[in-house]
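Here is a short briefing on one protein chain. Keep the sequence and the 3D view open while reading.

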Amino acid sequence: MKIHRLEVTNFRGFSQRTFTLSDQFNVLIGENGAGKTAVLDALAIGAGVLPRGFSLERISGPLIQEDDFRRVVYLKDGIATVERQFPVCVQCSGRLGGQEHTWAWTSNHPNTSTLDSASLSAIATRLQAQVQAGEDVLLPLVAYYGTERLWLPKRDGPVQLFVEPLPPGSRLTGYIDCLDPASNQKLLVQWFKRMELVQLQQGRTIGTLEAVKTAVVRCMAGWKRVWFDINQDDLLAEAEDGRQLPFRMLSDGVRNMLALVADIAYRAAVLNPHLGVRAAEQTPGIVLIDELDLHLHPKWQRRVVEDLRTTFPLVQFVATTHSPFIIQSLRPGELINLEEEAPSEPPSQSIEDIAEQVMGVEVPQRSERYQEMMKAAEEYYRVLQEAKATTSAEQREALKRKLDALSEPFSDNVAYHAFLRMEREAAGLGEEP
């Protein structure tokens, strides 16, 4: 499954906007409030058409909700009124089941959505029938990881609770909670335990388990192994220096990335167990990630896109970021700047140039405090010149107060503050004895 075009109407802050997506990686940028997460939520509604078509418990896709309706505020005689705009529409064009399709969710009433595509419902019905018949049909991966995804939280106490292994179930369980931005860590841990037990019992390597472990190692610089330890009844990771830690004790950045990659690979393995050790490499689909750079060190931000691209080559990723390092790693056609109507091209420039020219950060080579000091110094000198031409005692006192206000925020910088004081005294505006 891939979405090539998304059009939203009256959705969140968008009256109407169309987005064109590349087949493998797409990164949305823009200031806070520009609508990056809203685009991911719209794509989740569009991609959810497939899991929603399966008649199984706990497998569903999001629909247009009341908060998705664009609101317009009008002032009538000084009184504000808020009017929801109808209809709300999320329309997608893309590829599913080997064919191109266009489908749309529309709503004229909160929490009530209508699907305009019978063909996609028929595809879901056919896929479910093939799965029930035991056929090796290829199921596309669909997943959404929001900023709430820092799962595997630390325990309240030192004692590890017993983890029940995941019982056998349908391949379609790979869609459970797949479009919940907070994700479901429990299923991942339970699946790991079951696979380790099966591997021990059968005395052989289980291909899908190795697929998940291999995917994790490929994306985890400095970490060489992940497994469910039966003795400790816990999911462990081993660093290249030999340290072995439970997932819950890893740093936020490592835990976040490790769990993200493991969950994508786990879902691919559950959906397509017939692919064995190549499940991660050969499973297509769409994955949405809000704030791809979440808790990642800049060194990791520089490589995360290529790691995901290599580990899951048939998956279409759509992510948001505030990181110039991630922008720098993109290829042509993969950058979507929400503050520009036309498609953007990732610049082959320095981080400073990207921050300034693409992300709108003024003079990124210098800290904001340094720039404020320079502006204050310029104004300080202007006031000094004004004071030299002023003979009125009242005006000179007012200018002294203005000089105090300009220099006070930087009083902790002794050299800077002393220099301004010397210039002030030379201008005859020193403190009175």
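Five strands form an open sheet with parallel pairing, in the order 9-13-14-3-15. The model is predicted.

**The parallel sheet**
- The edges are strand 9 (141–145) and strand 15 (335–337), and each of them pairs on one side only.
- From one strand to the next, the twist averages 10 degrees.
- Strand 13 (residues 285–289) runs parallel to strand 14, and five bridges join the two.
- Helix 6 (residues 252–271) lies across strand 9, strand 13 and strand 14. Its angle to strand 9 is about 155 degrees.
- As a general point, strands of a sheet pair through backbone hydrogen bonds, in either a parallel or an antiparallel way.

**Thr320**
- Thr320 belongs to strand 14 (residues 315–320).
- Is Thr320 buried or exposed? Thr320 has a relative accessible area of 1%, under the 20% cut-off, so it counts as buried.
- The Thr320 side chain reaches the backbone nitrogen of Glu291 at 2.6 Å.
- Beyond its neighbours within four places in sequence, Thr320 contacts Ile289, Asp290, Glu291, Leu292 and Asp293, together with Leu28, Lys36 and Leu40.

- Three strands make an open sheet in the order 10-11-12, with antiparallel pairing.
- Strand 10 (223–229) and strand 12 (244–246) are at the edges. Each has a single partner strand, so one side of each lacks a neighbour in the sheet.
- The twist here averages 25 degrees from one strand to the next.
- Six bridges join strand 10 to strand 11. Phe228 has Leu235 as its bridge partner in strand 11.
- Strand 10 and strand 11 form a hairpin with four residues between the strands, where Asp233 takes a positive phi near 50 degrees.
- Three bridges join strand 11 (residues 234–239) to strand 12. Glu238 stands opposite Gln244, and Leu236 stands opposite Pro246.
- The hairpin of strand 11 and strand 12 also has four residues between the strands. In its turn, Gly242 has a positive phi of about 100 degrees.

**Burial of strand 11**
- Six of the six residues of strand 11 are buried, so the strand is largely enclosed by the rest of the structure.
- In a regular strand, side chains alternate between the two faces of the sheet.
- Both faces of strand 11 are covered. Asp234, Leu236 and Glu238 are buried on one side, and Leu235, Ala237 and Ala239 are buried on the other.

**Aromatic rings**
- The structure holds seven aromatic pairs.
- Why is the pair of Trp191 and Phe192 edge-to-face? The ring planes stand at 80 degrees, with the centres 5.7 Å apart. Edge-to-face applies to planes over 60 degrees apart, so this pair qualifies.
- Trp191 and Phe192 are both buried.
- Phe25, Phe312 and Phe317 are linked into a cluster by ring pairs.

**The chain as a whole**
- The chain has 14 helices and 15 strands.
- Of its 433 residues, 50% are buried.
- Among contacts with a separation of 6 or more, 66% are between residues 24 or more positions apart.
- The chain exposes about 20900 Å², and carbon and sulfur atoms supply 50% of that area.

Terms used: Residues are numbered from 1 along each chain as its sequence is written. This is a predicted model: local features need pLDDT of at least 70, side-chain atom pairs count only at pLDDT 80 or more; totals for chains, interfaces and linings use all residues. Side-chain values use heavy atoms; hydrogens and water are left out. Buried means under 20% relative accessible area, exposed over 50%, partly exposed in between (1.4 Å probe, protein chains only). A polar contact is a pair of N or O atoms within 3.5 Å; within protein, one must be able to donate a hydrogen and the other to accept it, and residues adjacent in sequence count only if both atoms are side-chain atoms. Contact means heavy atoms within 4.5 Å. Accessible areas come from the Shrake-Rupley method with a 1.4 Å probe; for residues, only the protein chains shown count as cover. Two strands pair if DSSP finds at least two bridges between them. Axes are lines fitted to C-alpha atoms, for helices over the stretch in contact, and angles run from 0 to 180 degrees between N-to-C directions. Rings of Phe, Tyr and Trp (its six-membered ring) pair if their centres lie within 6.5 Å; planes under 30 degrees apart count as stacked, over 60 as edge-to-face and the rest as tilted.
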